[in-house]
Amino acid sequence: MNFINSIYKLFTFDINNPISFNSGSFMLFFTVFIIVYAFLFRNRNVRSLYVIAFSLFFYYKLTGWFLLILLLTTTIDYFMAILIFKSKDKIKKRIFLIISVCASLGLLVYFKYSNFLLASFSALSGSGFTTLKIILPLGISFYTFRTISYIIDVYREEIEPVSNPLDYFFYMTFFPLLISGPITRAQKFIPQINKCFTIKDDKVNKAILLIIIGLVKKAIIADYIGQYCNLVFDAPGTYSGFENLIAVYGFALQIYFDFSGYTDIVIGIAFLLGFQINANFNKPFLAQNITEFWRRWHITLSKWMSDYLFYPLSYSFRRFKMAGAAIAVLITFFISGLW
């Protein structure tokens, strides 16, 4: 009976013990996954189904039935992209685009910003406010960005919608990219799904090295620095000014090693499976100024904001010249900060 309970807990969602890339349960599941994958990866359809199934299982273990939100978003945008592409009427294209973007952003705003918006309204109006019991689905910001970029690229006629739903579900549910960045574009990722490839020793070695580096960054360096920062921030008055200053700088390093370590793990796992993922950090603390730092930190987010927010806004406000460019910058940074 204890064995059956252990198996049951292993395959069901536990809100107090969600799976993570540096957890023992993930290592166990991934070891089994990669062994089977080595026998399946040459058959593209079987490989896609297998990776999608594992990705959905991983996300269920991570978030429980919030998996349905991911499936809903993916299904809506798959069909909306086809409707946008097939429609010859520009007004209809724009309507389908608006429906798709509003559906994706509506879910994001509800889960991530409902309490913030209600609290802000309450503060302005002086009315009472009770916090809503809303749990944020992990990764919703990132898969929302991925699906919006896909829909907009189809609307701009930069890419054609995928005809095989498996390809789009693979792109949206690919488990290394579900929780956090890098934000991968459909036009760069989806062509890799149907490309034949071989897993060579040098690629395996590089992938394993990236995973190990990521684990060291995230599970050792970031966690160790975090322990010191938590001690200081919990009782700053009991520490000297120098110790508080070190904690402030340490917190910045903690965020960097945690996030970049996660990114290294993601890129390594994807590379091990035969997929190339863009880098997300480029030694940001070696930047000479804040502009360069912005370009080196969370590169895929900066690029997303530029391509889908800043440049369209700049074009819309072009008649205002320098003032229009300034407005575009302010809106972009405001939304980036809000995110």
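Modeller: Let us begin with arginine 156 and glutamate 158, whose side chains meet in a salt bridge with N and O 3.9 Å apart; the term stands for a side-chain nitrogen of Lys or Arg within 4 Å of a carboxyl oxygen of Asp or Glu. The model is a predicted one, in which local features need pLDDT of at least 70 and side-chain atom pairs count only at pLDDT 80 or more, while totals for chains, interfaces and linings use all residues. Residues are numbered from 1 along each chain as its sequence is written, and side-chain values use heavy atoms, with hydrogens and water left out.

Arginine 156 has a relative accessible area of 34% and is partly exposed, and glutamate 158, at 45%, is partly exposed as well (buried means under 20%, exposed over 50% and partly exposed in between, with a 1.4 Å probe and protein chains only). Searching the whole structure gives six salt bridges, and another of them joins the side chains of lysine 218 and aspartate 258, at 3.2 Å from N to O. Because lysine 218 belongs to helix α9 (residues 201-234) and aspartate 258 to helix α10 (residues 241-272), this pair ties together parts that are 40 residues apart in sequence. Here lysine 218 is buried, at 17% relative accessibility, whereas aspartate 258 is partly exposed at 29%.

A further salt bridge links aspartate 307 with lysine 303, and its closest N and O atoms are 2.7 Å apart. These two residues lie four apart in helix α12, and so about one helical turn separates them. Aspartate 307 is buried, with a relative accessible area of 17%, while lysine 303 is partly exposed at 46%. Through shared partners, salt bridges join Arg185, Lys303 and Asp307 into one network.

Helix α12, which covers residues 299-316, also has a neighbour in α6, and the axes of the two come within 12 Å and cross at roughly 35°. From α6, the residues Phe145, Ile148, Ser149, Ile152 and Asp153 meet Leu301, Trp304, Met305 and Tyr308 of α12, where contact means heavy atoms within 4.5 Å. Sorted by class, the residues of this contact are seven nonpolar, one polar and one charged.

Key:
Axes are lines fitted to C-alpha atoms, for helices over the stretch in contact, and angles run from 0 to 180 degrees between N-to-C directions. Ala, Val, Leu, Ile, Met, Phe, Trp, Tyr, Cys and Pro count as nonpolar, Asp, Glu, Lys and Arg as charged, and the others, Gly among them, as polar.
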